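This report looks at how two protein chains meet and at one part of the surface.

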Amino acid sequence: MITRRLIVAGAVALAVTPAFAQEKLPVVATFSILGDLVKNVGGERISLTTLVGPDGDAHVYSATPSDAKNVAGAKAIITNGLGFEGWLNRLIKASNAKAPVVAATRGVKVRKAAGGHSHGHSHDDMDPHAWQSVENAKIYVTNIRDALSAADPAGRAEYETNAKAYLEKLDALDKEIRTAVAAISAARRKVITSHDAFAYFKAAYGVDFIAPQGVSTESEASARDVAQIIRQIKAQKVPAVFLENISDPRLVKRIADETGAKVGGTLYSDALSDEKGPAGTYIDMMRHNLRQFAEALSS
Amino acid sequence: MLYDLLIAPFVEFEFMRRALVGMLALSFGAAPIGVFLMLRRMSLTGDAMAHAILPGAALGFLVAGFDLFAMTLGGIAAGFAVAIGAGVVARATELKEDASLAAFYLVSLALGVLIVSMRGSNIDLLHVLFGSVLALDDATLVLIASFATVTLFVLAVAWRPLVLECVDPGFLRSVSRAGAPAHIAFLALVVLNLVGGFHALGTLLSVGIMMLPAIAARFWATDLTRMIVISVVVAFVSGYGGLLVSYHFAAPSGPAIILVAGAIYIVSLVFGPVGGLRRRFAPGRHLEA
């Protein structure tokens with residue numbers, strides 16, 4: 001008897017608890033970087049679901065049933081836009097979501113994507129990696145603030161306070177990046193990298209990103225890859241290289257010895273690392289990348 | 001044209017020259033050992049020992065990362081442990097030596113993969129398994145070259161007992177007590193060369209540069225000395241050819257080297273004058289009795 005009563009009590013409690021949690025505004029953000037910005041604006045008032053988590057590739061994501069459920073129950077769906085989440089429309093249709101879909105990049109000065117895009121689907125020639133400039137991230141934050149306020153008018157004051165505090169942090173970050181880049185002599189502000197996500201960073205802060213030529217970065221480095229990289233470093237006098245597939249520290253050292261260039265560490269461009277990693281938040285990610293550039297480019 | 005194809009890559013890039021020197025040193029050490037392994041019907045023993053090196057090298061990696069000294073020491077220790085362990089088990093129990101070697105190396109392989117994964121990523125594991133012939137620094141080159149030197153020296157000193165053990169171990173035992181020490185020295189050389197090769201080609205492929213040239217040489221000579229010379233040449237040509245293939249066709253360098261050695265083996269198998277397929281099935285007129 002006692003156990004049955006306990007079970008009933010437990011069932012009642014279970015039925016009640018979610019209703020309690022419903023008081024938080026259910027919000028969906030599409031990927032980890034955006035999720036971090038939304039979290040900073042929404043604070044305690046929202047319960048956030050991030051579809052593509054840390055270290056996940058939002059380009060090649062495929063939705064799960066639980067994602068569809070979250071999207072269906074959301075009161076606001078925040079996206080990057082600019083064709084970054086090509087899979088999202090299908091997900092919204094399939095889950096029958098009613099919430100407004102807000103593109104956080106609305107109002108951003110859009111750049112054209114570099115030719116020969118490698119992600120295998122069309123971005124309509126728009127480069128979606130706008131968050132790599134802090135100025136743009138500030139636009140994201142105001143868009144997020146407005147979207148949350150529209151979905152939850154009662155929380156407007158709190159969202160505005162949160163956004164204001166976070167925008168100040170972003171201003172400080174922007175200054176920090178400009179100071180650090182200014183400390184690098186102008187001739188040395190260029191790196192070879194296979195990441196194609198830094199066009200906005202380049203436009204905002206004046207560090208040049210050169211794509212490695214004739215190098216396959218998808219597989220283990222071959223003798224030709226290493227030779228091409230060495231040739232390009234020498235020809236263009238590039239002080240630093242960031243390549244995903246050259247991770248063997250012995251090979252990194254060999255290239256460095258042979259060219260005098262530095263081979264930099266991991267960059268985070270499309271996703272955050274997990275919380276323990278070096279790029280757990282947007283601000284940490286930008287700082288981490290900046291530190292990598294500064295270390296590799298300072299003579 | 002020919003210059004661009006065959007020589008220019010080595011003139012232009014230091015890492016190519018270093019890789020070539022590393023392969024030259026490896027050829028001098030590993031190929032003769034491979035010939036002895038083959039003649040003693042221990043071809044698969046080399047394979048088993050190569051896997052046995054992995055957990056030792058992995059332990060070194062666990063302690064110190066990609067540190068030459070730690071990984072070499074760990075590899076040598078593990079190689080000896082397995083060689084001696086398999087021998088002891090074979091003598092003390094009913095189990096034959098090949099069975100105990102198989103048991104030891106399977107355990108070692110699994111252990112090695114586990115240890116590397118504890119510290120590094122899958123990528124690190126690939127680097128340990130397949131080496132980095134394109135990234136040989138001074139210390140590694142000196143290490144490989146000194147292993148080759150030691151190998152040639154020991155082979156010169158222990159030549160007679162080693163050869164006798166290949167052809168008639170019973171006779172050797174009846175006339176001399178040099179058999180056991182020669183055997184142990186030989187096993188030590190196998191381990192040493194596998195560890196040297198491991199730095200360039202990784203644990204999985206280092207045995208390839210040891211065995212494939214030796215087996216290919218078998219089709220070209222009956223005389224032991226000539227066989228060894230041919231195996232060294234084949235090993236070096238494989239290294240040179242493999243590096244060129246990797247350079248011109250953007251192929252991963254370690255597998256390219258071993259595949260060139262494999263191609264030479266197949267050509268030898270078909271055209272080799274000593275027991276090759278063509279000789280056997282389409283003998284030339286001059287061979288008729």
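The model is predicted: local features need pLDDT of at least 70, side-chain atom pairs count only at pLDDT 80 or more, and totals for chains, interfaces and linings use all residues. Residues are numbered from 1 along each chain as its sequence is written, chains are lettered from A in the order in which they are written, and side-chain values use heavy atoms, without hydrogens and water.

**Interface**

The interface values are tabulated here.

| Item for chain A and chain B | Value |
|---|---|
| Residues in contact | 16 residues of chain A, 21 residues of chain B |
| Buried area | about 1800 Å² |
| Salt bridges | 2 salt bridges |
| Polar contacts | 8 residue pairs (both at pLDDT 80 or more) |

On the side of chain A that touches chain B, α8 (223-236) and α9 (249-259) each supply at least two residues. The most comes from α8(A), with 6 residues. Contact means heavy atoms within 4.5 Å; a polar contact is a pair of N or O atoms within 3.5 Å, where within protein one must be able to donate a hydrogen and the other to accept it, and residues adjacent in sequence count only if both atoms are side-chain atoms. Arg231(A) and Glu12(B) form a salt bridge, with the closest N and O atoms 2.8 Å apart (a side-chain nitrogen of Lys or Arg within 4 Å of a carboxyl oxygen of Asp or Glu).

Of the buried area (accessible area lost by two parts on being put together, 1.4 Å probe, summed over both), 57% is on carbon and sulfur atoms.

**Exposed residue**

Met1(B) lies in the segment before α1 of chain B. Met1(B) is exposed (over 50% relative accessible area), at 75%.

Definitions and conventions:
Helices (H or I, at least four residues) and strands (E, at least two) are DSSP runs, numbered from the N terminus. Buried means under 20% relative accessible area, exposed over 50%, partly exposed in between (1.4 Å probe, protein chains only).
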